Amino acid sequence: MRFLTAGESHGPQLTTIIEGLPSNLELTKDDIDPWLAKRQGGYGRGRRMVIERDEANIVSGVRAGRTTGAPVTFVIENRDWRNWTEIMSPLPGGEPRKKALTAARPGHADLPGGIKYRLRDLRDVLERASARETASRVAVGAVGLKLLSDLGVEGVGHVVSLGGIESTVPFEWSRVAEVEDSELRCLDLEASGRMIERIDAAKKDGDTLGGVVEVRFRGLPVGLGSHVHWDRKLDGRIAAAVMGIQAIKGVEIGLGFEAARRPGSAVHDPIFLRERGYERDSNGAGGLEGGMTNGEDLVVRAAMKPIATLMKPLPTVDVATREAADAARERSDTTAVPAASVIVQCAVAWVLADAMLEKFGGDSMEELRERVASAHAFARAY
């Protein structure tokens, strides 16, 4: 499968085309819109989330609530477009300057993008580099989550660290509903209270906060991905998808960097043959060995840096005057870490859905279900 997104932060809409979905996957906007709402929520979000009410309007590839096997297209309208119609117009002549951005923001794509594409108004960079684009990828991931759910795979994303405050509550699948009900998508209520205080203080200071999110998936068959070529290893593909999310600066699987500090005896997971097949009592590998799923829960963590648009701007240079200036200010979140847990979950879900179709093939969901069920049975009997 593959997908393509288009659109700017303040343009009329975001457009997404998905190619390669099997037929007969039950799909409506009700499978996508709740995920778009989750992306918009979370403590610390800014005014843009008040303006937008993201909805996915499906315009091709779905008929009578099911996919047909043709490319699926959906559109997410930008309500804020009405305030930017003149500024973002594609028509030539009279390029508006009242919203021109020339004071490059440290940490954003502004300066390298302006130099690369030889653009003087850095808004031409900002508009596509903006994390507004992640709404499209959440919609894509929601389709991936729907496909995985139909194959018996469950996923969740939650916050494990925000503003330097760590959650100390271990994850349990029985507590997924608590994640969904939490403003911060964090299981540690005591830590959540301190995180909210940290967010409020940062907002008052005109600053921003980053953090770490974790996503988990269970029910995956053994053997997604492959060890035979570097670009088929599932861990590499997951890392690429997650690192492609705006503001993500690090990815780890299982123990991740912690594995480098331990001896091998405290890292690798002993294998036991039991009634249900091969099992482990630990999961340091995070569900991946040799670039392939091993039947255990997939565990992926991502580090998100603080958002680069600060209300108390950092020093920079104005590319029009080449003089010292304060960085430009656009509307910004104090933190988007809770939203990142949703975005990362959706990004990983898409990679897993693609790996499912890569391994099992099938032009319809009926074929895919049969083949996945057969793979689970074989792994238990092996």
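Me: Which residue stands opposite Leu4 in β2?

Reply: That's Ile17. We're looking at a predicted model, where local features need pLDDT of at least 70 and side-chain atom pairs count only at 80 or more, while totals for chains, interfaces and linings use all residues. Residues are numbered from 1 along each chain as its sequence is written, and side-chain values use heavy atoms, leaving out hydrogens and water.

Me: What makes β1 and β2 count as paired strands?

Reply: Strands here are DSSP runs of E with at least two residues, helices are runs of H or I with at least four, and both are numbered from the N terminus. Two strands pair if DSSP finds at least two bridges between them. β1 and β2 are joined by 5 bridges and run antiparallel, so they pass that test. In their hairpin, 6 residues sit between the strands, and Gly7 has a positive phi near 130°.

Me: How do you know that β2 and β6 pair too?

Reply: Same rule: at least two bridges. Strand β2 (residues 13-19) and strand β6 (residues 72-77) have 6 bridges in the antiparallel sense, so they qualify. Thr15, for one, faces Val75 in β6. In general, strands of a sheet pair through backbone hydrogen bonds.

Me: Why are β1 and β3 called edge strands?

Reply: Look at the order of this open sheet of 4 strands: β1-β2-β6-β3. β1 (2-6) and β3 (57-60) each pair on one side only. From one strand to the next, the twist averages 20°.

Me: Why is Arg39 called buried?

Reply: Buried means under 20% relative accessible area, exposed means over 50%, and partly exposed is in between (1.4 Å probe, protein chains only). Arg39 comes in at 3%, so it's buried. This residue is in helix α1 (residues 33-40). An unreviewed UniProt entry places a "binding site" feature at Arg39 and Arg45; UniProt positions follow the numbering used here, feature names are shortened, and annotations may be inferred rather than shown by experiment.

Me: How do you know that the span of α9 is close to the one expected?

Reply: The expected span is 1.5 Å times one less than the number of residues. For the 24 residues of α9 (337-360), 34 Å is expected, and the first C-alpha to the last reaches 34 Å. This helix is mostly covered, with 22 of its 24 residues buried. Just after α9, Gly361 has a positive phi of about 60°.

Notes:
Axes are lines fitted to C-alpha atoms, for helices over the stretch in contact, and angles run from 0 to 180 degrees between N-to-C directions.
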